[in-house]
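Please look over the structure shown here before reading on. The questions after it are meant for someone meeting this structure for the first time.

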Amino acid sequence: MPKNSKVTQREQSHEHVTESVADLLAHEEPLDYKNSSLNVGGAAAKKVPQIDAPENDGRPAWNSKLQYILAQVGFSVGLGNVWRFPYLCQKNGGGAYLVPYFILLLIIGIPLFFLELAVGQKIRRGSIGVWNYVCPRLGGIGMSSLMVCGFVGLYYNVIIGWSIFYFFQSFQYPLPWSDCPIRRNGTLAIVEPECDKSSATTYFWYRQTLNTTSTIAESGGLNVKMTLSLLVAWIIVCLAVIRGIASSGKVMYFSSLFPYVVLFCFLVRGLMLKGSVDGIAHMFTPKLEKMLEPQVWREAATQVFFALGLGFGGVIAFSSYNKIDNNCHFDAVLVSFINFFTSILATLVVFAVLGFKANIMNEKCVVENAEKILGYLNSNVLSHDLIPPHVNFSHLTTTDYAEMYGVIKTVKEGNFAQLGLEPCVLEDELNKAVQGTGLAFIAFTEAMTHFPASPFWSVMFFFMLINLGLGSMIGTMTGITTPVLDAYKVQKELFTVGCCIVAFLCGLLFVQRSGNYFVTMFDDYSAGLPLTVVVILENLSVAWIYGTKRFMQDLEDMLGFRPCIIYFYLWKYVSPLCLIVLISATVIEMAISPPGYNAWVQELAQERFQSYPPWALAMCFALIVVAMLPLPIVFIARHFNLMSDGSNKLSVSYRKTMMKDMSNLEEQDEARSILGAKPGDAASAPSRRPYLTPAGNKSFDPNSLSPSSCYGTGYQNAAITPFTFQP
């Protein structure tokens, strides 16, 4: 820099550099200070472009918009859409449940999904870097997201491992879970008692697949088959994410699209099955009174929250590889509605299959009870006069049985219970709520045994589950690797392989014979409350600390248009209020409901609820505490300046842009000095001009760059105001 530069003169005279900036702004041919890169959004500025990260800064980028959308869809659309949403729909009023779900999707889901996409795309960092820059004191948000991603990834991949095991078992005819095994004792052949008391699919799941113990306290050692399946699952995940979005993006083309092919095939096949219409009609028959129950709204909010993957960091990580001017508002709306319609499609498929299964089970019930009635007739326990004359036992319909059952119940009212007859009502079968692993590995597998070409449909179904799980796992792993790779210089491939190896070793906890109980524990406690806290802090840090007006202005600069004003009120008031209510309801639910799990009791051949032992209960609450621990630690450490605010780990793009900006300022300063006839001519306005800040017209304060500033030096690359609340 030349020695006669005004910046150099100020440094030599120990005057504050701010005057040099003011001189630059006060030239008789002034720069458009409203468009200056130093202006971070004053009241007088109509358009305040920020310093944008260059596209050639060396950061990976998506090959196409389609690849990015498929990645976001693959992450948000997961196993929960197939086996959680249909269960909630059945439990909470059928079609009536769709109303609160859709309302909450509009007022919570889309706005918060849009917020995460926007901050990731603008700052071009992972979750840790993003929240360090927005508000360093709340930098623990990103670390908590990473912790939750780690916990969820550990048990989620176990479910993929289960699906892999069933996938390979499906290449048999008949399917191995179609019949109960026969135990031979010499010349005597008997059905396995545990299977006879339950069902063939239930027995195959609990005994031959998991070989589960009767309590969580009984480890039972490693299940070799599940250990190998878990190893295969982690190898697949590692290969999918080892080269970052270069490899995971290509995987998404298949893993995101294939499930839709299978769901449509299942829907067409399911509608051709006997009784499928009964299942769909049952699902869409609204029970409007359910909409008045607070529990329905709480569960709808929770499902919206987790269906979109909010708070995990995967959404932010994926969007950080976008171009700076990408229309993330369109992406948020598109992905949210794709997720919603996928849930509807999966629900149609599930209830079509469950309607078919309910009809099969109801016909089986009619046959078994008709045999009992014939026995009572032959032994003169019942009179033949009780049987309507048109009833034909060789072709007994459900209607005929219902009529016969009603007559017998009326006549034998006193000792009817001793007959042991069941009503065999189709509605009762349809009302049996099945969710989670029970739906995928018991109910669906049982229905598929009655399909023509059942191995083909079984292979397709479990291959679909593997792809759904893989899409979510790629997003979860990206939520772990991206923040770490942004913050530390480590080799991507080596770090990814190391994460997968450590995760596999930790995942051995879930492939013990008691491992499925730990899957339930982690599913209930490791994500729910911590993620809700993470998301509400994300919302508050942007809407109330950074400032909703300023964020809306940043969005206008980035997108080229101003988002609808409704987002202002949703981010500032509605979403935080809904999240606070959700947190309160979650805490109350946890306090009211006794902590426990459904254990498979071998002697009874059925599930029975058991409370967690003290050590397991401590483990449950430890999961919650560990996941949220970074929040207070980082806040306290940065409040007392015990920890760096992260500004020394700025992205390469930020450094390049800032250096370029400073170089331009110096060149402009030198040019004005040369063009001026004398030193005083270079500044025709007062030497100190008010610097336009987000809080109003104030003089530029260099102390606002201190680490205690809640914006630090990272967000938007120009956050230089002291800690202040902004509307």
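The questions and answers below concern a predicted model, and they take up salt bridges, a helix pair and a loop residue in turn.

Q: How many salt bridges does the structure hold?
A: A salt bridge is counted where a side-chain nitrogen of Lys or Arg comes within 4 Å of a carboxyl oxygen of Asp or Glu. Among the pairs that meet this are Lys-91 with Glu-299 and Glu-192 with Arg-183. For the structure, the number of salt bridges is six.

Q: How many residues apart in sequence are the parts that Lys-91 and Glu-299 tie together?
A: Lys-91 and Glu-299 form a salt bridge in which the closest N and O atoms are 2.9 Å apart. Lys-91 belongs to helix H5 (residues 85–91), whereas Glu-299 belongs to helix H14 (residues 294–307), so the parts tied together by this pair are apart in sequence by 208 residues.

Q: Are Arg-207 and Glu-194 buried or exposed?
A: Arg-207 forms a salt bridge with Glu-194, and their closest N and O atoms are 3.2 Å apart. The pair links distant parts of the chain, with Arg-207 in helix H10 (residues 200–209) and Glu-194 in helix H9 (residues 193–197). As for their accessibility, both Arg-207 and Glu-194 are buried.

Q: How many nonpolar residues are in the contact of H8 with H25?
A: The axes of helix H8 (residues 140–169) and helix H25 (residues 614–628) come within 7 Å of each other and cross at roughly 145 degrees. On the H8 side the contact involves Ser-144, Met-147, Val-148 and Phe-151, which meet Leu-623, Val-626, Ala-627 and Met-628 of H25. With no charged residue and one polar residue in this contact, the number of nonpolar residues is seven.

Q: What distance separates the C-alpha atoms of Leu-210 and Gly-515?
A: Leu-210 sits in the loop between H10 and helix H11 (224–241), and this residue is buried, with a relative accessible area of 4%. Beyond its neighbours within four places in sequence, Leu-210 is in contact with residues including Trp-162, Arg-513 and Asn-516. Although Leu-210 and Gly-515 are 305 residues apart along the chain, their C-alpha atoms are separated by 8.2 Å.

Technical notes
Residues are numbered from 1 along each chain as its sequence is written. This is a predicted model: local features need pLDDT of at least 70, side-chain atom pairs count only at pLDDT 80 or more; totals for chains, interfaces and linings use all residues. Side-chain values use heavy atoms; hydrogens and water are left out. Helices (H or I, at least four residues) and strands (E, at least two) are DSSP runs, numbered from the N terminus. Buried means under 20% relative accessible area, exposed over 50%, partly exposed in between (1.4 Å probe, protein chains only). Axes are lines fitted to C-alpha atoms, for helices over the stretch in contact, and angles run from 0 to 180 degrees between N-to-C directions. Contact means heavy atoms within 4.5 Å. Ala, Val, Leu, Ile, Met, Phe, Trp, Tyr, Cys and Pro count as nonpolar, Asp, Glu, Lys and Arg as charged, and the others, Gly among them, as polar.
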